[in-house]
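Have the structure open as you read.

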Amino acid sequence: MSEYIVEMRNITKRFPGIVANDDITIQIKKGEIYALLGENGAGKSTLMSMLFGMYEPDEGEIWIRGEKVNIDSPNFATKLNIGMVHQHFKLVENYTIAENIILGIEPIKKYLGLFSHVDLKGATENIARLSRKYGLEVDPSKKIEDINVSMQQRVEILKMLYREAEILIFDEPTAVLTPQEIDFLLEIIEELKRGGKTIILITHKLEEIKRIAHRCAILRKGQLVDVLDVKNTATREMANLMVGREVSFKTEKKGACFQDVVLEVRNLSIKNNDDFDVVKDVSFKVHGGEVFAIAGVSGNGQVEIADAIAGLTDIFQGEVLLNGKDISNYSIRKRTVEGISYIPEDRQTYGLILDFSLAENLALKEYYKEPFNHNGLLNRNVINEYGEGLIHKYDIRSSQGIKTQVRQMSGGNQQKAIIGREIELKSSLMIFVQPTRGLDIGAIENIQRMIIEERDKGKAILLISLELDEIMNIADTIGVIYNGEIQKIASADALTTNEVGEFMMGVTA
Amino acid sequence: MREVKVVEKDKKNHFTGFVLKLLGNEKWQFLTIPIFLIALSFVVASVIILILGKNPLMAFFNLMQGAGIMPKPSYAGYKSILTDFLTLLNFMTPMIFASLAVAVALKGGLFNIGVSGQMLLGGYLATVLVGYSGLNAFVAKPLVLIIGILGGAMLGGVVGFLKHKFNINEVVSSIMFNYIIQYVLSFFIHTKYIDPVSRQSKYINSAARLTLVNVERFGLKMDLPLGFIMAIVLSIGIKLFLDKSRVGFEIKAVGANPKGARYAGINVGKTMITTMALSGAFAGIAGATYYLGYFASIQPRVLPSMGFDAIAVALLGNNNPYGILASSFIISIIEKGSTYMSSIAGVRQEIASVITGLILLFSATNVYIQHKIRTTKEKYKYNMGKELEE
């Protein structure tokens with residue numbers, strides 16, 4: 001028995017036009033929390049996909065518990081007690097938690113020794129026992145569509161545990177969670193470690209690594225840069241190694257210079273499909289040259305406000321004025337033309353058409369205009385040239401340039417493509433919803449800098465973010481929303497992080 | 001013992017290598033895999049024919065003879081391989097249009113299972129409005145097409161409208177419309193246009209017919225399907241339209257991601273109606289060339305099965321208009337040659353439908369085969385590399 005439970009030796013994996021992993025060797029001890037740190041596209045997920053059998057390495061060997069293995073499918077990985085929680089959950093929405101967990105390995109019982117049926121009752125008991133053991137509270141009879149993201153993640157963890165996984169891989173587990181939920185998840189991970197599990201954590205959030213990981217491997221552009229003992233390493237050093245240069249945690253910005261009001265929202269109320277008031281009587285103004293941030297815990301109506309301004313959601317009451325013009329009844333395209341750029345929260349479902357090429361996606365909001373569209377025919381040359389220009393200007397990286405199918409691109413580059421496209425619209429109002437979600441430090445820094453640049457050009461910026469740090473970092477004015485109502489609007493200088501946090505929880509001063 | 005194993009492994013490797021050489025080139029997979037799958041369906045069909053105690057190779061040869069691809073040993077007066085082939089094209093013409101109808105809808109993310117109903121409506125309207133009128137050929141023939149297009153497009157558009165306005169699934173409403181059209185029209189045919197002898201609608205005037213029948217040339221009597229040339233032209237046209245036009249871009253965007261398309265400012269509802277109307281228009285031309293070309297009358301209470309076969313043809317053609325030209329050719333041969341096959345080889349005509357069914361079944365595995373080949377290729381390379389090292 002070797003000292004290491006997982007060894008990946010000299011792993012190389014190539015994709016068309018790119019070396020995703022270049023001769024990487026990592027060794028993981030049993031019972032440790034091992035972090036993989038790197039920017040988007042550094043090759044973390046690829047490396048772990050090979051351990052979980054979704055890809056096979058071009059070169060190199062994988063050893064599990066001192067034995068050489070050829071993991072050719074996730075099923076085989078499961079047999080080796082390897083489990084993975086993917087960044088995008090793989091759950092059946094209209095099945096219950098228990099049904100999702102047993103899916104594929106349903107325990108079978110027989111009535112009268114003859115008629116086989118799924119032993120849901122036994123499974124539910126098993127799941128309840130497991131969830132108690134690791135402090136993962138879930139109600140196994142609830143349906144996935146009725147529970148929140150954090151609970152869904154717990155279901156994914158239970159799914160692994162139910163399959164008796166010993167080596168647990170977490171792919172960016174905190175990307176979709178709120179600060180409180182992150183705390184809770186990190187506790188769960190610690191608990192799992194105490195239970196003797198080996199944890200591999202893919203992330204680019206340094207605080208998390210600092211808090212729970214023992215060792216940390218840093219990947220950059222497909223190569224292993226270093227393996228560090230977390231305890232003895234400063235956060236800044238890890239960040240520098242990851243990005244390959246000095247990073248600043250504080251975005252440089254000049255004082256704001258407010259101009260005319262660009263966006264005015266008056267007494268806005270929005271109902272959701274269940275006729276429930278998600279936004280109640282919200283009013284605020286955003287000036288040119290101002291970053292107005294809406295802070296709040298996820299699901300308190302902030303995304304609905306953005307959707308209503310952009311025209312994706314119906315307004316129940318109230319009005320939206322852009323440069324003094326009431327646009328409440330305009331179509332989505334007319335609002336875009338009037339001067340709204342919108343970087344949506346869900347970039348894969350709304351922001352992009354994943355099966356289309358990068359060039360087509362970059363022209364997605366302008367394809368119908370001259371010179372892209374001439375007499376009803378699209379001019380591919382113009383579209384391609386425009387795409388090339390944006391790729392260069394916004395440093396959008398992909399394997400085959402403008403022809404790349406957007407689905408094949410990394411999350412960070414997808415986001416760069418959207419932001420580039422929206423900035424090029426040269427709108428007077430730019431709405432950013434969670435612009436840096438799931439991105440690495442380098443990209444975050446870059447995007448925040450771009451937001452400030454746009455502000456300095458005199459654009460009105462509406463920023464909606466769950467990251468309080470981000471809001472404190474770049475906002476000029478902060479509006480805090482709780483339960484669909486704006487609790488407080490104040491200049492960013494007049495508020496401390498703690499105060500904003502309290503308003504977010506609905507504690508009215 | 002060990003040696004045997006090595007030989008077996010070698011054989012297996014050779015075989016994998018051969019298959020990979022055949023199907024591995026991704027640039028040609030759009031062609032090689034469908035051909036491979038069609039071949040596979042013929043192999044399975046052979047087994048079935050063998051079980052029936054007949055010679056499958058003869059049966060397939062008879063199929064081609066019947067369709068005018070291979071010469072028959074003897075022909076009746078005024079007939080030859082050419083007349084058989086023209087009959088094949090005559091049958092293939094509406095098939096191409098119907099399949100294009102399915103393909104256009106699928107590009108826009110919609111499943112038009114109502115092609116049959118749209119064909120029937122287009123064909124019926126053209127028959128009663130122009131087919132029995134005394135208009136001369138130069139007016140009547142274009143008019144037939146226009147009415148067919150309008151009838152089909154209207155019905156398709158309604159299906160799209162219902163989906164947009166009331167969120168009624170297009171599959172459900174199309175199937176309902178199929179029934180409504182089928183029975184309402186058969187009521188009118190029975191009460192007004194019936195031929196008491198044939199129990200079908202009366203024959204239309206030849207001026208309105210889209211196929212020139214019994215044209216005497218080279219000592220033969222031929223059927224010339226005028227719509228065939230149009231089918232080729234429109235296949236190219238619709239391909240260019242989808243690839244190059246603004247509306248085509250919007251149709252594909254809505255098909256690929258309706259939420260994303262809406263966000264981008266595309267009017268999703270309008271695009272869906274356009275897509276269904278366009279699809280219906282193609283179905284309408286299919287109806288015109290079917291009822292006023294291939295046939296010259298309408299059989300009441302029967303939906304054209306071609307509208308459903310078209311789904312298979314479109315899938316086999318990978319939803320690509322050029323692919324559809326090829327796949328309708330193949331399916332038409334099987335359908336058209338079946339009569340001759342049953343009379344000569346004694347293989348029942350229904351076997352032709354079995355072959356068509358098998359082709360559809362296998363062509364549905366296209367994506368799986370692509371995936372399988374990709375993974376096998378990687379593994380094969382890996383193994384080969386290791387062996388070289390050893």
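## A cis proline in chain A

Keep in mind that this is a predicted model. Most residues other than glycine have a negative phi, and most peptide bonds are trans. The bond between A:Glu370 and A:Pro371, though, is cis, with omega at about -5°. If you want to find A:Pro371, look in the loop that runs between α12 (358-362) and β19 (373-374) of chain A.

## Positive phi in two loops

A:Arg65 isn't a glycine, yet its phi is positive, near 50°. It sits in the chain A loop between β4 (59-64) and β5 (67-69). A:Arg65 counts as partly exposed because 16 other C-beta atoms lie within 10 Å.

Over in chain B, B:Asn318 also isn't a glycine and has a positive phi, about 60°. Its loop links α12 (306-316) and α13 (321-345) of chain B. B:Asn318 has 18 C-beta neighbours inside 10 Å, so it is partly exposed too.

## Around B:Ser363

Is B:Ser363 buried or exposed? It has 22 C-beta neighbours inside 10 Å, and the cut-off for buried is 20 or more, so B:Ser363 is buried. You'll find it in helix α14 (residues 350-363) of chain B.

Which residues does B:Ser363 touch, leaving aside neighbours within four places in sequence? Its contacts are B:Pro34, B:Leu37, B:Leu315 and B:Leu316. As for B:Phe36, it is 327 residues away from B:Ser363 in sequence, but the C-alpha atoms of the two are 9.5 Å apart in space.

How values were computed: Residues are numbered from 1 along each chain as its sequence is written. Chains are lettered from A and ligands numbered from 1 in the order in which they are written. This is a predicted model: local features need pLDDT of at least 70, side-chain atom pairs count only at pLDDT 80 or more; totals for chains, interfaces and linings use all residues. Helices (H or I, at least four residues) and strands (E, at least two) are DSSP runs, numbered from the N terminus. A residue is buried if 20 or more other C-beta atoms lie within 10 Å of its own, exposed if 12 or fewer, and partly exposed in between; C-beta atoms are placed from the backbone. Two residues are in contact if their C-beta atoms, placed from the backbone, lie within 7 Å.
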